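Please read them alongside the model.

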Amino acid sequence: MANVAASAGASKEDFEKVKKIIEAIPAINYLCLDVANGYSQLFVDCVASFRDEFPKKTIIAGNVVTGEMVEELILTGADIIKVGIGPGSVCTTRKKTGVGYPQLSAVIECADSAHGLNGHIISDGGCTNPGDVAKAFGAGADFVMLGGMLAGHDQSGGETIERNGKQFKCFYGMSSATAMDKHHGGVAEYRASEGKTVEVQFKGDVKLTMNDILGGLRSACTYTGASKLKELSKRCTFIRVTQQTNEIFQGSEV
């Protein structure tokens, strides 16, 4: 159970649910308190309650995007902070609400705040290729969450769809109407869906994608002179550009 987390929201029902899970499976060492908006006293109080109830468990809390809130949650009892509002490929929060924060800037700011208090951060969302993963680590992230890059594989959830001789898999955001219908009985009347549902072309075994990501990270360390991944953030310099890649050939790689 070393790599399994019990995930919950901030309600009293979630608190009781997690207590029952831990009673049944005490070997679970990670608790993930996962809400779309970590900027509320309710959520801070939730983190404090979980810390009091589970003093020896590792608590992951989020999502937030600013250093001040990272510090608040760590001082309240969280160990790892999840950073990101709006950058995901199937997230529509920025379009529906106008709310968000540039992911690289958020990671740089939040990592600095977390590490000053011996905490850690997870960069949640915004990666479309191995280079983005390397940048997240270079910006100071301790962990990187991937959704779209890991969608469409053998190991991904959902049924395989065949159309015009090609295979696809369904991929949806956790604030989408699809997720709400599946897990919460539909989108609440007072709110809007903040995610979309897409079909991702089938990619086969996830091992190939993971090897591509790991290969990119190793090369990133080599280019920057980092002897290990943890050292990457100390070797990076970020420069603002209007275009990074040469897109003259748009075909897929061979």
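1. Phe15, Phe50 and Phe54 make up one aromatic cluster. The model is a predicted one, in which local features need pLDDT of at least 70 and side-chain atom pairs count only at pLDDT 80 or more, while totals for chains, interfaces and linings use all residues. Residues are numbered from 1 along each chain as its sequence is written, and side-chain values use heavy atoms, with hydrogens and water left out.

2. There are two aromatic pairs in the structure (rings of Phe, Tyr and Trp, the last by its six-membered ring, with centres within 6.5 Å; planes under 30 degrees apart are stacked, over 60 edge-to-face, the rest tilted). Phe15 and Phe50 are edge-to-face, because their ring centres lie 5.0 Å apart with the planes at 85°. This pair links distant parts of the chain, 35 residues apart: Phe15 belongs to helix 1 (residues 12-24) and Phe50 to helix 2 (residues 41-53). Helices are DSSP runs of H or I, at least four residues, numbered from the N terminus.

3. Phe15 and Phe50 are both buried, whereas Gln250 is exposed, at a relative accessible area of 61% (buried is under 20%, exposed over 50%, partly exposed in between, with a 1.4 Å probe and protein chains only). Gln250 lies in the segment after helix 8 (206-224).

4. Arg163 places its charged end over the ring of Phe168, 5.8 Å from the ring centre (the criterion is NZ of Lys or CZ of Arg within 6 Å of the centre and within 35 degrees of the ring normal).

Conventions:
Helices (H or I, at least four residues) and strands (E, at least two) are DSSP runs, numbered from the N terminus.
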